[in-house]
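This report walks through a single protein chain. Please have the sequence and the 3D view open as you read.

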Amino acid sequence: MKNLTLLAAMLLFTAISTFGQIHSDTTKSMHKMMKENKSKMHGMDSTMHKMHKDSSKMHHNMKHGKMKMDKNPIIREGMIDLKEIDENKDGKVFQDFMCWNVVSDSAGNCPKCGMKLREASLEKAKVNLVKHGYKVKK
C-alpha cells in the first residue's frame, strides 16, 4: 500500500511538473507572439498616420489653390471631337474603358487611373462617351 501511495504521489508530481512546464512554455510563446504583433501594429499605425497626414496636406493645398493639376491633353473635356483626335485617319482611337473621356490616337495608359487604353472604332468610342454623359461632336 505504501508503494502504491508513493507511485501515485510520483505520478501526480510528474503530471503537475509537466503541466507547469507546458503552461510556462505556452505563456512564453504567447508573450513572444504578442510582442511581435505589437511591433507589427506599431508599423501599421505609423503607415496609416503618414497616409492620413499626406492626404490632409493634399486636401489643404487643393482647397487653398496651392496644388497644380497639370492638364493632360488626352483627358477630354467639353465637346469631344473624335475625328480630330483620330490624327492618322484610320477610323480608330484608344480609349480608357473606365475613364471614358480619356481618348488618344495612340496606345498608352490612362493618366488618371493607369489602365491600358483599348482600341475602339470612332463609332464605338462615340457610343461609350454618350452612354456615360459626355458630349461628342457629330
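This is a predicted model: local features need pLDDT of at least 70, side-chain atom pairs count only at pLDDT 80 or more; totals for chains, interfaces and linings use all residues.

The side chains of Lys137 and Asp81 meet in a salt bridge, with N and O 3.7 Å apart. A salt bridge here is a side-chain nitrogen of Lys or Arg within 4 Å of a carboxyl oxygen of Asp or Glu. The pair joins distant parts of the chain, 56 residues apart. Lys137 sits in the segment after E5, and Asp81 in the loop between E1 and H2. Lys137 is partly exposed, at 49% relative accessible area.

Residues are numbered from 1 along each chain as its sequence is written, and side-chain values use heavy atoms, with hydrogens and water left out.

**Salt bridges**

The structure holds 3 salt bridges. They are listed here.

| Pair | N to O distance |
|---|---|
| Lys137 and Asp81 | 3.7 Å |
| Glu77 and Lys71 | 3.6 Å |
| Lys92 and Glu119 | 3.9 Å |

Glu77 and Lys71 are both exposed. The side chains of Lys92 and Glu119 also meet in a salt bridge. Lys92 lies in strand E2 and Glu119 in strand E4, so this pair ties together parts that are 27 residues apart in sequence. Lys92 is partly exposed, with a relative accessible area of 37%. Glu119 is partly exposed as well, at 46%.

**Overall layout**

The chain has 3 helices and 5 strands. Both are DSSP runs numbered from the N terminus: helices are H or I with at least four residues, strands are E with at least two. Along the sequence the pattern reads α-β-α-β-β-β-α-β. Of the 138 residues, 18% count as buried. Contact means heavy atoms within 4.5 Å. Among contacts with a separation of 6 or more, 48% are between residues 24 or more positions apart. The accessible surface of the chain comes to about 11,400 Å². Carbon and sulfur atoms hold 62% of that surface. Areas come from the Shrake-Rupley method with a 1.4 Å probe; for residues, only the protein chains shown count as cover.

**The nonpolar cores**

A nonpolar core is a set of buried Ala, Val, Leu, Ile, Met, Phe, Trp, Tyr and Cys residues joined through side-chain atoms within 4.5 Å. The largest core has 11 residues, including Ile80, Trp100, Val103 and Val136. H2 and H3 are the elements that give two or more residues to this core. H3 supplies the largest share, 3 residues. A second, separate core has 6 residues, among them Phe94, Cys99, Cys110 and Leu117.

Ile85 lies in helix H2. Ile85 counts as buried, at 7% relative accessibility. Leaving out residues up to four places away in sequence, Ile85 touches Arg76, Ile80, Val93, Val103, Ser104 and Asp105. With the same exclusion, Val136 touches Met79, Ile80, Leu82, Lys126, Leu129 and Val130.

**Helix H3**

H3 spans residues 122–131, and its buried residues are Leu122, Ala125, Asn128 and Leu129. They cover an arc of only 125 degrees around the axis, which puts them on the same side of H3. That arc is taken from the directions from the helix axis to the C-beta atoms. An α-helix has 3.6 residues a turn, so residues three or four places apart point the same way. On the other side of H3, Glu123 and Lys131 are exposed. The buried residues of H3 pack against strands E1 (79–80), E2 (92–95), E4 (118–121) and E5 (135–136), and against helix H2 (82–85). Gly133 follows H3 and has a positive phi, near 85 degrees.

**Another positive phi**

Most residues other than glycine have a negative phi. Lys89 is not a glycine, yet its phi is positive, about 55 degrees. Lys89 lies in the loop between H2 and E2. Lys89 counts as exposed, at 59% relative accessibility.

How values were computed: Buried means under 20% relative accessible area, exposed over 50%, partly exposed in between (1.4 Å probe, protein chains only).
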